[in-house]
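Dear colleague,

I am handing over the structure below, which you will be seeing for the first time. Please look through it first, and then read on for what was found in it.

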Protein chains: 2
Amino acid sequence: MSEERYSELRDYLAEVWDLAKVGGLAGWDQQTMMPPQGASVRARQLATVSKIVHERLVSDELGALLEELRSYGESLDYESDEASLIRVTRRDRDKELHVPAELREKQTRAGAEAFPVWVEARRTNDFELFRPYLERNVALRREYAACFEVDEPYDALLDDFEPGMKTAEVREVFARLRDGLVPLVAEASAQEIDALCLHGHFPIEAQREMQRVLLSRFGFREGTWRIDPVEHPFATSFGTSDVRMTTYYPEHEMRGIFAAMHEGGHALYEHNVDPSLERTPLCRGTSLALHESQSRMFENLVGRSIQWWRWAYPELQRIFPEQYEGVELETFHRAINKVQPSLIRIEADEATYSLHIILRFELEQDLIAGTVDIAELPNVWNERMREYLGVEVPDDSHGVLQDVHWSRGTIGYFSTYALGNVISVQIWDKVLGDVPDLYEHVERGDLEPLTAWLRERLWRHGRKFTPQETLERVVGGGLDPEPYLRYLNEKLGVLAS
Amino acid sequence: MSEERYSELRDYLAEVWDLAKVGGLAGWDQQTMMPPQGASVRARQLATVSKIVHERLVSDELGALLEELRSYGESLDYESDEASLIRVTRRDRDKELHVPAELREKQTRAGAEAFPVWVEARRTNDFELFRPYLERNVALRREYAACFEVDEPYDALLDDFEPGMKTAEVREVFARLRDGLVPLVAEASAQEIDALCLHGHFPIEAQREMQRVLLSRFGFREGTWRIDPVEHPFATSFGTSDVRMTTYYPEHEMRGIFAAMHEGGHALYEHNVDPSLERTPLCRGTSLALHESQSRMFENLVGRSIQWWRWAYPELQRIFPEQYEGVELETFHRAINKVQPSLIRIEADEATYSLHIILRFELEQDLIAGTVDIAELPNVWNERMREYLGVEVPDDSHGVLQDVHWSRGTIGYFSTYALGNVISVQIWDKVLGDVPDLYEHVERGDLEPLTAWLRERLWRHGRKFTPQETLERVVGGGLDPEPYLRYLNEKLGVLAS
């Protein structure tokens, strides 16, 4: 009887998840393929899908089913797919119930409408064009936060991306991070490192080939993925065997390969969720910080390591002979790890990156609290960039307009990037403990021992466990910025020597 | 009060249509972008969307709304958007009510699962691989036909693509067509026409450019369309300003440009539906035959005319200088109009094309009636090709496996292609009557007078009127194969002289 009910739940959720994924596809298409004039109708379509998904999550039918299954779920192994699906769905539904469908729909539509305006505003360096859209997005996020009982409104937003995380906790971790980073950045950025080899002319076709060479080592199953150019790279999936990465090909800088490896890390997580979780809400990464820990791991811990480049550098030289024939591996490796305070978050090195995040984390709290006037946001941004990173922002395209997130209404998201950095090294240290010859494999371009470890310990579980439970299972403890600071200190020390 | 109800209907249908379009996007993506291993989950997603669309069309809520609006609809001008939306939705819903949701879902899923198998079967020339999938599709179509009270089961299938059309009527039109075509093909194919200039090496990039040059004259609004390569070209749209054409680039034949112009004709129809009908079920062409009349018009009446090539040929010579510098326009024009019985429908000339269709129309009736064993289908196909076109089929990839339709379960569709040919000339003659200097414009690459006429008389109305009403409005009568036969006779006579 309970098994029948469970099978009903499974079918019900499969439909919801199909819809959500098809909506996700419409979002992917919007950024990769859609002719620009399709934007306004697409916004309505996205809003409709999101509304229907919401309706089905809050339906009485689902509520009754979950109630009937409560004791069944509790009777099962906590770690089983069945218990997890019942437990997580109940939590999702409870959260969803707090928010009126119309508000969700308004948010989705506002985000879809703001996105192309942001693209244009950034292109033409015109914050005023974007401002009314940002104001609407902020107002809607405030309205959203007001639906929840929380210690502070920002908690409600953070919880969307990092369930269970409190703003206060992030503040504390970020304070320790900042205290560690400031002297480290000061010291490292004083080093004279020649990064000229990262600039030049890199034909798009050759970049495409290099990205494919690198991703070919990530262990994706054949015929399950693709990668397309976009304004702002992201990764998503519409099934564990339909994984979409995006990237860019800046023609004058060797940056696209790091975007590709970053999105490759995200994609691996979604790709390796256990197929038994397909078409369920458990079939994705458990939180954005955990997700980001994977993208950062493949971008930085693998992708900027000397060991990886011992394998990959000959490929780079083959594909870009004019650029790299006369450049030593060590010169290239030093260049890709150069610490230098700069304007653009996604171009920032590993050490300064988290300072960009801390700035956004603070500004978002101000926006939600209403303690900063949005018309003044560019000025506040520019002041804080001077204060934290010591750089002058020349225009808003290189300042407050640089990130896609606020155009989509995703406020509360940024901090997960820096938390991802922190977690990436916590996990990496664990892998190294279990696989002592990890770097020897990496030197041969062999990521199999790494991906096998991550698949078994992290990826396959999808969203069965909360971020806290997951972290506990994978590293045996909570958030800790020390391994990350230690890693950076060591790495930058070696580079300097 | 009625206006409020109408506005409810409008909102209700907008959601249904949003869903249908997002489902359409998932179908487009499946053929253009999806990694092959995504197929099985995608099949489930498509089935889910189609099930929900169905549920919403047959819902009691919609039924009650339409009942409440009945007298309001009848009080309005028959041609108004409002009266049309109420009327057409009621008709759609009545038809939808005849079919159980599970059957529709099964059909969609079966089609999505069969499609990649068909791709593989065609590639490897393996009918047996495809056979069980085709058997399932045929069985499901029979089950579908049994849901309706019709003179013969095939009527139910035909009605999906050509509402109101009867199999008997098509048989009669096709008999007249065949009687006209057989002697015409015999005479024309006896002519010695040198078509060597259509074979050679045509680099994909250059083909892409040529297709863009041609389509640039079709009058699409900027930023509203794209064209991508696929196995079997088609066109679709996700809004009047988000139009997707597909094409192919066969490297050794000058054929892709005709596929592009064909799909361009389809795309223009969807693109030019009045924006007031956006996000309603009226926002598309009224039937497949009418749709095909537009694709055939742009592929053949425009795209194979000497006048069009007086403008386009210098472009072709510029883009493929090695191939065409030494070839006279008249030689090229004769080659693209050469009549020669051949194996592949989509490669067939204007004159033999309809014979390919008549063969399929007959076989489909046999399949649905069960008078042909599916295991025997390749043999029957090959025999009839010999009988009707006098050609020997060397393998199933060039025979029964050549078309995508049956893999999707779309049986009942083919005849609309030949009906489209017939209608295309009926309409063309009307345009010529109103725009006597049409060909002078075409000679300058100026299609504006043509597209303006079609937009005003046909395209903008979308699906407001039935195919019969539409034909009556546009050409002042019903189906008539004579203009088409006369056009072919004249054209082929001129080529021979």
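In this predicted model, the contact between the two chains draws on 39 residues from chain A and 40 residues from chain B. Of the area that chain A buries against chain B, 16% is supplied by A:Val22, A:Pro35 and A:Gln45, which is more than any other three residues give. The area buried between the two chains comes to about 3,100 Å², and carbon and sulfur atoms account for 59% of it.

Across this interface there are 8 salt bridges, including one in which the side chains of A:Glu55 and B:Arg56 meet at 3.6 Å, N to O. There are also 16 residue pairs in polar contact across the interface of chain A and chain B, both residues being at pLDDT 80 or more. On the side of chain A that touches chain B, the residues divide into 14 nonpolar, 10 polar and 15 charged.

Strand 3 of chain B pairs with strand 1 (residues 225–229) of chain B in the parallel sense over 5 bridges, whereas strand 2 (residues 235–237) of chain B runs antiparallel to strand 3 and is joined to it by 3 bridges. B:Arg244 is the bridge partner of B:Arg226, and B:Arg244 is also the bridge partner of B:Thr236.

How values were computed
Residues are numbered from 1 along each chain as its sequence is written. Chains are lettered from A and ligands numbered from 1 in the order in which they are written. This is a predicted model: local features need pLDDT of at least 70, side-chain atom pairs count only at pLDDT 80 or more; totals for chains, interfaces and linings use all residues. Side-chain values use heavy atoms; hydrogens and water are left out. Contact means heavy atoms within 4.5 Å. Buried area is the accessible area (1.4 Å probe) that two parts lose on being put together, summed over both. A salt bridge is a side-chain nitrogen of Lys or Arg within 4 Å of a carboxyl oxygen of Asp or Glu. A polar contact is a pair of N or O atoms within 3.5 Å; within protein, one must be able to donate a hydrogen and the other to accept it, and residues adjacent in sequence count only if both atoms are side-chain atoms. Ala, Val, Leu, Ile, Met, Phe, Trp, Tyr, Cys and Pro count as nonpolar, Asp, Glu, Lys and Arg as charged, and the others, Gly among them, as polar. Two strands pair if DSSP finds at least two bridges between them. Helices (H or I, at least four residues) and strands (E, at least two) are DSSP runs, numbered from the N terminus.
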